Amino acid sequence: MLRIDRATYDAIVAHAREDHPDEACGVVAGPEGSDRPERFIPMLNAARSPTFYEFDSADLLRLYRDMDDRDEEAVVVYHSHTATEAYPSRTDVSYASEPNAHYVLVSTRHHGERTGLEGDDVEFRSFRIVDGQVSEEDVEVVESYLFGHSPTTVVYD
Amino acid sequence: MAIEVRIPTILRTHTGGNKTVEGSGDTLAALVDDLDAKHPGLKGRLVTEEGKLHRFVNVYVNDEDVRFTGALDTQVKDGDSVTILPAVAGGC
């Protein structure tokens, strides 16, 4: 299961809307082994394409250096599909190389030429991709990691 | 002196879990052969049967993507640092 906080969830959705009809991509880094997606890092789609995404190779190197320095790993690798469902394509599967990552797919396929219109919800799904095998997992959106499962309204005396 | 090579998580099964390994060679191709002798299977993950670098991996010599410096023919020397990263890409 993917547990993700509301602000990060919203940021991924916003990025997908912003780059529509091109595919948007990025990662959410977190402390190694924690399985907590904490640091949202939108990446440039070097392919600038509605059917393909690719991290620029220099950006990729900087990203991994940076995560390494902070003892982080890519907990979530996300990208959008702008004309098809939020499910990993064959290309996605062939490139997937992080067995510990949550592969988040968002789809803006119902948005047509532009997003932001009424009823254009963004599909948001999460998958594990290990040795070419795709398995979908539940997504739990928590209001904040700070409070975990506690109520969304916290009243301090 | 040797050439230090940083190995991504996905390939560490070939290096006994090590994040970095050392190797030698005058070119990236020779270095990969040397690494494969010590860590069998590594070459197959980096180089295709046609002898080209896999499109699923990015290789950098001193932070320079080797796609722009001659791919497997890129010259390397002792003291260089090589980084291997899986490409992050896909598409519908």
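This is a predicted model: local features need pLDDT of at least 70, side-chain atom pairs count only at pLDDT 80 or more; totals for chains, interfaces and linings use all residues.
Modeller: Residues are numbered from 1 along each chain as its sequence is written, chains are lettered from A and ligands numbered from 1 in the order in which they are written, and side-chain values use heavy atoms, with hydrogens and water left out.

Biologist: What makes K19(B) and D68(A) a salt bridge?

Modeller: The term requires a side-chain nitrogen of Lys or Arg within 4 Å of a carboxyl oxygen of Asp or Glu. The N to O distance between the side chains of K19(B) and D68(A) is 3.6 Å, so the pair meets the definition. The count between chain B and chain A is three salt bridges.

Biologist: How do you know which residues of chain B and chain A are in contact, and how many are there?

Modeller: Contact means heavy atoms within 4.5 Å. By that rule, 20 residues of chain B touch 26 residues of chain A. The chain B side has 10 nonpolar, five polar and five charged residues; here Ala, Val, Leu, Ile, Met, Phe, Trp, Tyr, Cys and Pro count as nonpolar, Asp, Glu, Lys and Arg as charged, and the others, Gly among them, as polar.

Biologist: What area do chain B and chain A bury between them?

Modeller: Buried area is the accessible area (1.4 Å probe) that two parts lose on being put together, summed over both. For chain B and chain A the value is about 2100 Å², with 57% of it on carbon and sulfur atoms. In chain B, the residues that lose the most area to chain A are V88(B), A89(B) and C92(B), together 32% of what that side buries.

Biologist: What makes strand 2 and strand 4 of chain B edge strands?

Modeller: Five strands of chain B form an open sheet in the order 2-1-5-3-4, with mixed pairing. Strand 2 (20-23) and strand 4 (64-65) each pair on one side only. Strand 5 of chain B pairs with strand 1 (residues 3-6) in the parallel sense over three bridges, and with strand 3 in the antiparallel sense over five bridges. Within strand 5, T83(B) is the bridge partner of R6(B), and I84(B) that of V59(B).

Biologist: Why is strand 5 of chain B described as largely enclosed?

Modeller: Buried means under 20% relative accessible area, exposed over 50%, and partly exposed in between (1.4 Å probe, protein chains only). Five of the six residues of strand 5 of chain B are buried, so the strand is largely enclosed by the rest of the structure.

Biologist: How many of the residues of chain A count as buried?

Modeller: Of its 157 residues, 46% count as buried. Chain A contains three helices and nine strands.

Definitions and conventions. Helices (H or I, at least four residues) and strands (E, at least two) are DSSP runs, numbered from the N terminus. Two strands pair if DSSP finds at least two bridges between them.
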